[in-house]
Amino acid sequence: MGLALDEGATAVLHGDVPVGAVVLRDGEVIAQRHNEREHLGDPSAHAEILALRDAAEVVGGWRLDGTVLVVTIEPCPMCAGALVAARVDQVVFGAADPKAGACGSLYNLCVDPRLNHEVKVVGGVRAEEAAALITGFFDELRAEP
């Protein structure tokens, strides 16, 4: 989670919401990214999506079974859907997202038995730090004239 938090902090440098994600396989980091929606002008450039793309390139295909994605905030519906589609084994997140979370808060896409794959979900890892990163970003944004 430390690497994901560091990635999230990097997103602030180009005006993006500080979310970071890391993909692990066999305990080794194979991809790490942060949000780049503002930077790239791409609505799909969430940290999770970018990290999954990089991980797929590393493994040489879209099937990411045997991987764990660690992310600072609970994935949204788009990202949770990508985790299922990529056959990721597990997602570990920091802070819950009561407004858009799709791994237990609003929806529970990763463990919906109607889908063709289930992703194990572990939430609340270093949640206070992850929440502080996001909260601090938006507090600072609101404070600007």
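Biologist: Which residues lie nearest the centre of the largest pocket?

Modeller: Val17, Ile73, Asp97, Ile134 and Phe138 do, out of 21 lining residues. A pocket is an open set of points on a 1 Å grid over the protein atoms alone, where a 1.4 Å probe fits, with protein on both sides within 12 Å along at least five of seven lines; lining residues have an atom within 4 Å of a point. Note that this is a predicted model: local features need pLDDT of at least 70 and side-chain atom pairs 80 or more, while totals for chains, interfaces and linings use all residues. Residues are numbered from 1 along each chain, and side-chain values use heavy atoms, without hydrogens or water.

Biologist: Which element gives the largest share of that lining?

Modeller: Helix α5, residues 127–143, gives five residues. Helices (H or I, at least four residues) and strands (E, at least two) are DSSP runs, numbered from the N terminus.

Biologist: Now the sheet. In what order do the strands come?

Modeller: Strands pair through backbone hydrogen bonds, either parallel or antiparallel. Here five strands form an open sheet, ordered β2-β1-β3-β4-β5, with mixed pairing. Two strands count as paired if DSSP finds at least two bridges between them. The edges are β2 and β5 (120–122), and each pairs on one side only.

Biologist: How many bridges join β1 and β2?

Modeller: Six, in the antiparallel sense. β1 covers residues 20–25 and β2 covers residues 28–34. Take two bridges as examples. Gly20 has His34 of β2 as its partner. Val23 has Ala31 of β2.

Biologist: What happens between these two strands?

Modeller: They form a hairpin with two residues between them. Look at Asp26 there: its phi is positive, near 55°.

Biologist: Which residues of helix α4 are buried?

Modeller: Buried means under 20% relative accessible area with a 1.4 Å probe, counting protein chains only; exposed is over 50%, and partly exposed is in between. In α4 (residues 77–85), Cys79, Ala80, Ala82, Leu83 and Val84 are buried.

Biologist: Which residue with a positive phi follows α4?

Modeller: Arg87, with phi near 65°. Find Arg87 after α4, then go back to Asp26 in the hairpin of β1 and β2.
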